[in-house]
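Dear colleague,

Please find below the structure for your review. My findings follow it.

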Amino acid sequence: MDPNALYHQAVAAIKANAREVTGKEPHATGLAGTTVAKLLYFGGIPSVNFGPGDHTTPHIADEWVEEGQVIDFGKILAGVCVDLLC
């Protein structure tokens, strides 16, 4: 399979499931810094970094995530897995 096609399928599945779970239109954005996704990308492996929490305040002394966001993330991730693997 074309790696770019897999990337686009993953993004589409994430957006569709996020929309279904949260009722909100998700948006893609870039992040500064280093994640595993960045390392995979530079290794030629399509990757997407997404998750719960406020992307403007990562790794601060009192970093936290709302419980509901973690639950929604689990639902979104489960839907993405079903969409891509079944």
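H1 supplies the largest share of the lining of the largest pocket, namely eight residues. The model is predicted: local features need pLDDT of at least 70 and side-chain atom pairs pLDDT 80 or more, whereas totals for chains, interfaces and linings use all residues. Residues are numbered from 1 along each chain as its sequence is written, and side-chain values use heavy atoms, leaving out hydrogens and water.

The largest pocket holds about 2,000 Å³ of space. A pocket here is an open set of points on a 1 Å grid over the protein atoms alone, where a 1.4 Å probe fits, with protein on both sides within 12 Å along at least five of seven lines; lining residues have an atom within 4 Å of a point. The volume is the space filled by probe spheres set on the points, which are joined across faces, edges and corners. Of the 49 lining residues, Thr29, Asn49, Phe50, Gly51 and His55 are the closest to the centre. Two or more lining residues come from each of helix H1 (3–22), helix H2 (36–42) and helix H3 (67–85).

The secondary structure of the protein chain comprises three helices and zero strands (DSSP runs numbered from the N terminus; helices are H or I with at least four residues, strands E with at least two). Of its 86 residues, 12% count as buried, that is, under 20% relative accessible area with a 1.4 Å probe, protein chains only. The C-alpha atoms fill a box of roughly 40 × 30 × 20 Å along the principal axes.

Yours sincerely

Methods
Buried means under 20% relative accessible area, exposed over 50%, partly exposed in between (1.4 Å probe, protein chains only).
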